[in-house]
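Morning, everyone. Please have a look at the structure on the screen.

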Amino acid sequence: QKLSQYDQLTDVSLRDMLLSSAGIPGDIHSIAPNITDLNVSQNLLLSSWSQIADMTVQLPLLKTLILSENRLSIPDNLAKVKTAFHTIQVLYLNKMDLQWTEFSCVLTFIPCIQELHVCENRISTLRSVDGKTLFPESLKLLNLEENQLTDWMDILTLQYLPHLQTLILNDNHLSSISIMNGSSFSNLQSLSLNKNKIMNWSSVDNLSQLKNLRSLNFKDNLLLEGEPSYSARQLIIARMQHINVLNRSDISNHERQQAERYYIKRHVAEWMLAEEKHTTRDFLYLHPQYHRLIQLHGLPEEIIQNPSSTVTTAPLKNRLVAVTITCPDRPDLPQLNKKLPDTMTVQKLKGLLQRVYKIDSLDQVLSYRSHKTIGKDNTEIMIDDDLKQLSFYSIESGDTILLRIS
């Protein structure tokens, strides 16, 4: 009776079951012909792709195959394996010690693959001898996390795959990014570049050419070393107008506006100097989005009101406000009494609180209560524009700033 139910199986895991072969030819098909998902990972007695082909050729409905953590040799005669994997759409080849010579052979017998995971291997290039891509046009998702890729030219071998939507390159050794033309990666929507060695902003500017890119992961790159997380996020958002998700966090319209205004303000002194010296072309080479952003938002009010000065050279008002900072949702955190310049921006205040309380600035929600309302009501005024100074909110000595976690 149990055997009679095997023909209903669709999802089968035989991970770490000491498999050594497919058994008697035809047995798999006669017993469980309807398998669509098969996991035979970490079966080190399996040693060749021919053994895997003996299994898959008996499973006409197989769509997902997990072969991770096996060491499989490429057979001398590829004719047998080339017809055994034509139904596979999702394939996992993680931790198989693959190098490009082996992986490039595998690509020749998975013609219909849509999702391919090849993580934690030793792949250092993606280029064939003739320069053409070996990846099938059906590919929609490619995961090459934790390999040994160093040159973006290898990544460009993927640029004309018509259906590629998701590309994961985390934890490689890429140091720069170039986009050849406007048709590169025309359907790419999600790109992950965490833990690489990208060291220049021009790489981010080049990514902004990808018109359909909506999601970017870009943590732990050399470019961001020494940059607080809140300002690093704003700089990337301002430079990339098409994305709406950064590091798995949605970008609201409000956040984008703040980021773009922060970017304008951060570089306005350089912009004014470039205009004065007629070197705006050089400036825009380094900041290709800047002209579009000042047309959209205008220059900071300080510059409009006093064109002869810049934000960086304007004198600092020395008037300090003595405030109390509390965390009502976290009574374990100490109350802080602090004198702050009323010219301090909300963004810099959040940076200060991040250092003191170890709460990421992106998770901070600030408001304040006026000392004039103590004993009358508990009205709180939101402090919600990172680019505004404390004086904008009319914060005075004796007021209380409340820090909550979103």
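A word on the source. This is a predicted model: local features need pLDDT of at least 70, side-chain atom pairs count only at pLDDT 80 or more, and totals for chains, interfaces and linings use all residues. Residues are numbered from 1 along each chain as its sequence is written, and side-chain values use heavy atoms, with hydrogens and water left out.

Strands here are DSSP runs of E, at least two residues; helices are runs of H or I, at least four; both are numbered from the N terminus. Two strands pair if DSSP finds at least two bridges between them.

Strand 7 (residues 166-168) pairs with strand 8 (residues 190-192), parallel, over three bridges. Leucine 167 has leucine 191 in strand 8 as its bridge partner.

Next, helix 4, residues 100-107. Trp100, Phe103, Ser104, Val106 and Leu107 are buried there. Buried means under 20% relative accessible area (1.4 Å probe, protein chains only). Down the axis of helix 4, the buried residues fall within an arc of 155 degrees, taken from the directions from the axis to the C-beta atoms, so they line one face of the helix.

Last, histidine 267. Helix 8 (residues 253-277) holds histidine 267. Histidine 267 is buried, with a relative accessible area of 10%. Leaving aside neighbours within four places in sequence, histidine 267 is in contact (heavy atoms within 4.5 Å) with Phe283, His287 and Tyr290.

Methods:
Buried means under 20% relative accessible area, exposed over 50%, partly exposed in between (1.4 Å probe, protein chains only).
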